[in-house]
Number of protein chains: 2
Amino acid sequence: MSAFRIDGLQYANWSAGIFDQMGQGGLDAVHVTIAYHENFRETVLNIEKWNRWFERFPHRIVHGRTAADVRAAKKVGKTAIIFGLQTPAPIEDDIGLVEILHTLGIRFMQLTYNNQSLLATGCYEAEDPGLTRMGREVVEEMNRVGLVVDMSHSAERSTLEAIEHSTRPIAITHANTSYWHPARRNKSDDILRALAESGGMLGFSMYPHHLKGGSDCMLAEFCEMIARTTEIMGTTQLGIGSDLCQDQPDSIVEWMRVGRWTKKIDYGEGSAAAPGFPPQPDWFRDNRDFPGLAAGLRGVGFSKDETDGILGNNWLAFFDANFGPA
Amino acid sequence: MSAFRIDGLQYANWSAGIFDQMGQGGLDAVHVTIAYHENFRETVLNIEKWNRWFERFPHRIVHGRTAADVRAAKKVGKTAIIFGLQTPAPIEDDIGLVEILHTLGIRFMQLTYNNQSLLATGCYEAEDPGLTRMGREVVEEMNRVGLVVDMSHSAERSTLEAIEHSTRPIAITHANTSYWHPARRNKSDDILRALAESGGMLGFSMYPHHLKGGSDCMLAEFCEMIARTTEIMGTTQLGIGSDLCQDQPDSIVEWMRVGRWTKKIDYGEGSAAAPGFPPQPDWFRDNRDFPGLAAGLRGVGFSKDETDGILGNNWLAFFDANFGPA
């Protein structure tokens, strides 16, 4: 099998320069966040923005709706852009929008961001009652059309219930393990185990708040965490979800955390002393650093095939199985 | 004090005939539901519809924003129409819409309908984790501008937490007591007690699913329930919230229950065998029957003053205290 290179989550301040760097880094596909707290109409505006980019940069990027689109992109040296949503705000209160958004090319949707949604509970709420009545219905509808359930920002019980209730594998596109770094956004062994047993994917994040040691975390430490996670999850359901937010101003991380739900400032994983985006570790500053991850993984003992799996082939197999009707 | 007649909740299929019946029944004010699952823009369309009715029927109805508007309406024989929302869908995920909707004349907003909302939990969910992070912020903002928190359809813990967290009295505009009729929508003694201690109002409902015996419930039984409730709540925080849904087709009760959250049918308080609106008890079929309630209340021992309080003066005092900035 060819060695595909796929990033399971980015939210950059997109530009010609970044699209070029995707090419330089050998990225065949990137799952990009196209909306946080946007409602349906605002999400459509963001799709329109991507359509303009696809028109302007046809030599570099193409809209990816299927694994076949990723294979086709690789053949001609382009990067397939796969759309995803980090909150369910784009479906508003309307289950019918699940199918509409899938038709528009959305392939991942988080059931929650940090707070309670209409569907489930985010990891910053004090209580986590699990999937709501609407949440159960929406998971069924997502399963039907092939829109992947993403629980990266969700709370423990909600995540376990999503894995249980979903008849198709779910994804945690961008998070690490709490045994390694007990951040609120990282995942428990119980979740890792349930995720693995159900055929789900974990995308390891290089966002400093998810890393042990933050911005100073070393590549070898990150790769050792991946190696240790194979003891719980094996090697075929692991990928990368870098959570790269390249070139974004700090106002964007404030929007992610605060949206429109409070008149105060919520610092989320940051703090009043460090409210903005933290600096990236020096071994992963942009897409050009993607190839360097291979050496790191080989360095902790992964074989060539396993390394190719983690850096893209595992995501591709997941796309093959989960981006269309069951 | 004059004897005001106020209904704390109606959602009729509004018409010239119903507005005339409000006059015949002596109604000085009616809190009307203007939105269930409508988003902000759709709610504004509903306000526009009311603006047309105010233009067409100026001899009968007037928009009521304050208790003073109700007093002025009474003087000229009109009915003041007070706007309210049965779900927080109209504020979408945007705390800034609380003030905007208050400016547009909204005076009551339920934090939930039957399901989990972004703010709190409805009485049909299996779990009730109480107020969410956004729910606490929104209650504070409603307190600031003078938009009354209504917990008629909310679950137990959420209701108790709303009473506790709100710095101003809340309302349960349309529900009865569960000691009398243990429907999921009726309220526990704990809630009645906390509501009374905090200065809140309970509006007794004549919607058959909230009545012991349903459509066959007798006026005397209904009034005995009110009399017994004074043992917990006293007499000055009780009112009527008839929940009259006059002339509505059954498609409307389906919209109330199902909204856009499921592709199935949710029967709510009804059932597959009885999915529609139940018939009203023969002693309260429309606004013209409002005066008959006075005889019922006097019949179970209420004084003239107490009766006037329950049929309107208590709501008026509540409007005086709670429809503007604190």
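Let me start with B:L147, which counts as buried because 25 C-beta neighbours lie inside 10 Å, where 20 or more are needed for that label. This is a predicted model, so please hear every value that follows as computed from predicted coordinates. The place of B:L147 is the loop of chain B that runs between α5 (133–145) and β6 (148–150). Setting aside neighbours within four places in sequence, the residues in contact with B:L147 are B:V98, B:L101, B:H102, B:I106, B:R107, B:M109 and B:M142. For a sense of distance, B:T87 is 60 residues away from B:L147 in sequence, while their C-alpha atoms are 13 Å apart in space.

For contrast, let me turn to A:K49, which sits in helix α2 (residues 40–56) of chain A. Is A:K49 buried or exposed? A:K49 is exposed, because 11 other C-beta atoms lie within 10 Å, and a residue with 12 or fewer is placed in that class.

Now to chain A as a whole, whose secondary structure comes to twelve helices and nine strands. With a radius of gyration of 18 Å, close to the 20 Å that the globule rule gives for 326 residues, chain A is therefore as compact as a globular protein of that length. Taken along the principal axes, the box that its C-alpha atoms fill is roughly 45 × 45 × 40 Å. Of the 326 residues in chain A, 54% are buried, and, among contacts in chain A with a separation of 6 or more, 70% join residues 24 or more positions apart.

One helix to look at here is α12 (residues 313–322) of chain A, which is mostly covered, with seven of its ten residues buried. Those buried residues are A:N313, A:N314, A:W315, A:L316, A:F318, A:F319 and A:N322.

Which residues touch the most other members of the largest nonpolar core? In that core of 175 residues, they are A:A162 and B:A162. If we take the copy in chain B and leave out residues up to four places away in sequence, B:A162 touches B:L111, B:A120, B:L131, B:V139, B:V149, B:M151 and B:I170.

That brings me to how the two chains meet, where 26 residues of chain A are in contact with 26 residues of chain B. On the side of chain A that touches chain B, helix α5 (residues 133–145) of chain A gives the most, with four residues. By class, that side of chain A has seven nonpolar, nine polar and ten charged residues.

As for how the copies are arranged, chain A is superposed on chain B by a rotation of 180° with 0.0 Å of shift along its axis, and the RMSD is 0.0 Å. The two copies are thus related as by a two-fold rotation axis. The same surface serves both of them, since 100% of the contact residues of chain A recur in chain B.

Finally, a word on confidence: chain A has a mean pLDDT of 97, and 100% of its residues reach 70 or more. For the model, the scores are ipTM 0.90 and pTM 0.94.

Terms used. Residues are numbered from 1 along each chain as its sequence is written. Chains are lettered from A and ligands numbered from 1 in the order in which they are written. This is a predicted model: local features need pLDDT of at least 70, side-chain atom pairs count only at pLDDT 80 or more; totals for chains, interfaces and linings use all residues. Copies are superposed by least squares on the C-alpha atoms of residues with pLDDT of at least 70 in both. Two residues are in contact if their C-beta atoms, placed from the backbone, lie within 7 Å. A nonpolar core is a set of buried Ala, Val, Leu, Ile, Met, Phe, Trp, Tyr and Cys residues joined through C-beta atoms within 7 Å. pLDDT is the predictor's confidence in each residue, from 0 to 100. Helices (H or I, at least four residues) and strands (E, at least two) are DSSP runs, numbered from the N terminus. Ala, Val, Leu, Ile, Met, Phe, Trp, Tyr, Cys and Pro count as nonpolar, Asp, Glu, Lys and Arg as charged, and the others, Gly among them, as polar. The radius of gyration is taken over C-alpha atoms; the globule rule is 2.2 Å times the number of residues to the power 0.38.
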